[in-house]
Amino acid sequence: MKEKVVEAIGLKKSFGDLHVLKGVDLDLHRGETVVILGKSGAGKSVFIKIMVGLLTQDSGVMRVLGQDVEKLKTKALNALRLKIGFSFQNSALYDSMTVKENLEFPLVRNIKNLSRKEKDLKIEEMLDSVGLPQTINQMPSELSGGQKKRIGVARTLILNPEIMLYDEPTAGLDPITCMDINNLINEVQERYRTSSIVITHDLTCAKVTGDRMAVLLDGQFRSKGSFQEVFSKAEDEQVKSFYDYNFIES
Amino acid sequence: MAEEADDRKPLLSKKIDKFFKGLADAWNFVRRYFQEVFMPPFEFKELIHQCYRIGVESLPLISLTGFIVGIVFTNQSRPSLSEFGASSWLPSLISIAVVRAMGPLVTALIAAGKVGSSIGAEIGSMKVTEQIDAMEVSATNPFKFLVVTRVTATTIMIPLLVMYTDFVALMGSFLNVNANEMVSLTTFFFQVFESITFLDIWSSVLKSILFGFTIGIVGCYKGYNSTKGTEGVGRAANSAVVISMFLIFIEELLALQIVNAIRNM
């Protein structure tokens with residue numbers, strides 16, 4: 001069995017009376033991709049936000065690369081964050097900066113003593129890897145939804161993360177662009193040898209990118225396993241209905 | 001840290017509880033600014049960028065407003081002074097009014113509208129589109145990059161804009177006085193500098209620093225704590241303007257009492 005890079009044990013999180021996570025457990029092993037499926041508002045994004053310390057759990061343990069995230073001080077938490085790439089649902093590109101400045105932002109703040117030439121080379125390499133070298137001087141407002149997602153991925157990859165987190169990578173995109181993004185997730189996995197968690201409710205994305213699935217319903221992982229294991233023999237009505245309402249190519 | 005819901009039971013009524021919680025949050029926000037402003041790393045490049053945006057980009061509006069204020073105030077004051085045959089006192093009256101009150105107040109109110117709303121809306125939209133979270137997960141302190149730079153920039157630039165407004169308003173006043181009373185530039189400014197004291201200038205500068213800080217901190221606080229999507233961004237921008245204008249008037253009133261007390265000592 002490969003090394004565990006993420007380990008969530010009995011994770012609970014509530015917002016007022018709304019109990020989002022009711023004691024969930026999940027492991028992510030080095031080099032694999034786990035897809036977390038679930039309805040909107042099920043707590044999928046909350047789970048990965050706890051991983052990077054954007055939210056704190058009410059109880060339970062979230063261990064990332066062997067470190068208990070909740071117990072980390074700011075400096076150690078920031079060091080850990082550099083090993084995690086977070087691709088946001090709406091890409092979260094900085095509106096007031098060009099694509100180049102967006103990519104440069106984490107680079108100049110976290111890697112000291114880089115020459116101008118080295119920075120430019122790194123940025124060009126990242127833009128090439130997502131297939132968008134021509135957008136370097138464009139503003140985020142000039143990019144399409146799919147291009148924004150790709151630039152968002154490039155910005156997270158620039159710090160060579162060990163773990164990639166994709167929050168709804170195909171949300172709001174047309175089917176062809178969705179496929180491009182799915183392929184990009186697989187390419188990133190192969191080229192940069194990352195371990196990934198993909199949050200989605202798009203079963204095509206789950207099937208194409210995931211090694212394992214975990215279906216989050218009513219605050220708990222109701223079903224875990226490969227795509228076939230989770231959906232072909234699904235007995236849980238909600239898991240079944242989740243499959244039935246998605247179009248899947250056989 | 002992202003905002004988390006508070007599930008504690010309200011101590012008093014919900015509204016009063018919310019008000020005091022808001023005050024405590026605002027106080028913590030101000031305290032955090034003072035903790036972070038002197039701590040490295042310093043975002044000098046962003047600070048200069050913000051100074052340019054707040055200062056240079058406000059110049060056309062400030063120039064026009066200051067100039068018009070100078071002309072209008074001179075025109076409105078002339079009949080009253082002429083009644084007593086004291087129209088030669090116009091430069092003195094205008095200089096005292098502009099330097100002591102109108103310059104700082106007009107500049108601060110315009111900046112609250114232009115700069116405060118833009119800061120509130122910009123940071124608010126960054127919040128709701130997760131750009132602030134994106135900064136945080138890339139190991140950058142968003143408070144330092146967004147809040148410290150903007151608040152420091154308004155605190156530096158508003159006093160400079162006030163001095164500029166004072167000058168432009170006095171020039172507007174001079175044109176009016178020159179056209180009606182045939183007073184030369186040298187005579188006009190001789191009377192101006194004879195009327196204003198060291199205390200007037202210092203109180204105006206200190207007051208402007210306070211106004212600048214207020215505009216920056218209120219805009220940033222409202223933006224940083226905006227919720228509920230685009231509707232929240234609009235609300236953040238709106239309340240940034242309303243609250244900072246309200247606070248500016250309160251500060252003006254307090255400053256007036258303090259300066260008068262010093263003057264009477």
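**A close look at one helix**

Reply: Happy to! Helix H4 of chain A covers residues 116-129, and at 1.5 Å a residue its 14 residues should span 20 Å, which agrees with the 20 Å between its end C-alpha atoms. The expected span is 1.5 Å times one less than the number of residues, and helices are DSSP runs (H or I, at least four residues) numbered from the N terminus. This is a predicted model, where local features need pLDDT of at least 70, side-chain atom pairs count only at pLDDT 80 or more, and totals for chains, interfaces and linings use all residues. Residues are numbered from 1 along each chain as its sequence is written, chains are lettered from A and ligands numbered from 1 in the order in which they are written, and side-chain values use heavy atoms, leaving out hydrogens and water.

Buried in H4(A) are Lys119(A), Lys122(A), Ile123(A), Met126(A), Leu127(A) and Ser129(A). They cover an arc of only 160° around the axis, so they lie on the same side of H4(A); the arc is that of the directions from the helix axis to the C-beta atoms. On the other side, Lys117(A) and Leu121(A) are exposed. Here buried means under 20% relative accessible area, exposed over 50%, and partly exposed in between (1.4 Å probe, protein chains only).

What covers the buried residues includes helices H3 (99-110), H5 (145-157) and H6 (175-192) of chain A, where contact means heavy atoms within 4.5 Å. Finally, just after H4(A), Gly131(A) takes a positive phi of about 75°.

Conventions:
Helices (H or I, at least four residues) and strands (E, at least two) are DSSP runs, numbered from the N terminus.
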